[in-house]
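Work through the exercises below with the coordinates open. Each task is followed by a stepwise solution.

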Amino acid sequence: MTSFEAGAGRRCHNAVSPLHASVYFAPEPEDELAALGLERGAMAYLASRAAPLGAVGAGTVTATFYNFNHEHVQRYIPAAWTVTTPEEVLRARLRGADRTLQRLLGKTSLTSTEMTEAAELALRATEACRREARPLYAANAGLPVPEEPHLALWHAATLLREHRGDGHLAALTIAGLSGIEALVLHNATGTAPTSALFMRTRGWSAQQWDTARDQLRERGLLDEEGNLTRAGATLREETEVFTDRLDAAPYDHLGPAATARLTELADGFSGTLRAAGAFPPVHFGRG
């Protein structure tokens, strides 16, 4: 893949990914999971995202999620599987995604020809995804494709997101960044979720966050104010470029024209999600 095409793949991913990620800020999926008996918050999130893997233990979840405090994960996994089953969670997850997209996008968008086209293109892209060393992608790839176009697109967005995500974890490992260090460095860009949200949802204490920040300062990746240094910005871009290389296959398979079209369609739907409040600004920034 050329550098231009790699950039096109990243742009396409950034357009498609919000279609999956919208469920993490919406009440409907958590309501569905709470109805199964799962605790709202961490237990519901961890069980929902881990469910494709089966009734796994905390070690598997920590390894595959990468930036969560293992002690935090242990509080909820495998306890979640004594409350309900991964199969029930997967059904609840899909119901929650359905309700979320119906509310945020509206019936007209969900039944549009553009939705059907986007779903077909995104699913075609997933045909070239690789399972090797990508546990979260591989687990989700084993799930059936929903019949409804908007849910088929959500499913494809999930596959593309986890495929890139699994590759990104390899890039972070090569860069020598621990899970919490990756979060701190990401937060320093000012475009990521806030440090407070990262700490609460990933189970890190303020002391652990400060220690990771100090370690990044010692490496010259952050300055005294916690801003990215030139070296920090370079390392972040290097990890993204390496991730692009690992994530090139889906967009090579689509080709430039179809990748551009999927980006256009997904941008439109993601823009509607943002306008509808899918990603509350209060959750993003350096704070």
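The model is predicted.

**Exercise 1.** State which residues line the second largest pocket and which helix gives the most to the lining.

Solution.
1. The lining consists of Glu87, Leu90, Arg91, Arg93, Leu94, Leu143, Pro144, Pro146, Trp154 and His155.
2. Two elements give two or more residues each: helix 7 (86-105) and helix 11 (149-174).
3. Helix 7 gives the most, with 5 residues.
4. By class, 6 lining residues are nonpolar, 1 is polar and 3 are charged.
5. The volume of the second largest pocket is about 200 Å³.

**Exercise 2.** Find the salt-bridge partner of Arg91 and classify the exposure of Arg91.

Solution.
1. The side chain of Arg91 meets that of Glu88 at 2.9 Å, N to O.
2. Both residues lie in helix 7, 3 residues apart, about one turn of the helix.
3. An α-helix has 3.6 residues a turn, so residues three or four places apart point the same way.
4. Arg91 has a relative accessible area of 44% and is partly exposed; Glu88, at 31%, is also partly exposed.

**Exercise 3.** Locate the salt bridge between Glu162 and Arg49, and decide whether the two residues are buried or exposed.

Solution.
1. The closest N and O atoms of Glu162 and Arg49 are 3.1 Å apart.
2. Glu162 is in helix 11 and Arg49 in helix 3, 113 residues apart, and the pair links distant parts of the chain.
3. Buried means under 20% relative accessible area; both Glu162 and Arg49 are buried.

**Exercise 4.** Explain what the salt bridge of Arg10 with Glu237 ties together.

Solution.
1. The closest N and O atoms of Arg10 and Glu237 are 3.2 Å apart.
2. Arg10 lies in helix 1 and Glu237 in helix 15, so the pair ties together parts that are 227 residues apart in sequence.

Terms used. Residues numbered from 1 in each chain as written. Predicted model: local features only at pLDDT ≥ 70, side-chain atom pairs only at ≥ 80, totals over all residues. Heavy atoms only, no water. 1 Å grid on protein atoms, 1.4 Å probe; cavity = no way out; pocket = protein on both sides within 12 Å on 5 of 7 lines; lining within 4 Å. Points joined across faces, edges and corners; volume = space filled by probe spheres on them. Helix = DSSP H or I, 4+ residues; strand = E, 2+ residues; numbered from the N terminus. Nonpolar A, V, L, I, M, F, W, Y, C, P; charged D, E, K, R; others polar. Salt bridge = Lys/Arg side-chain N within 4 Å of Asp/Glu carboxyl O. Buried < 20%, exposed > 50% of the residue type's maximum accessible area, 1.4 Å probe, protein only.
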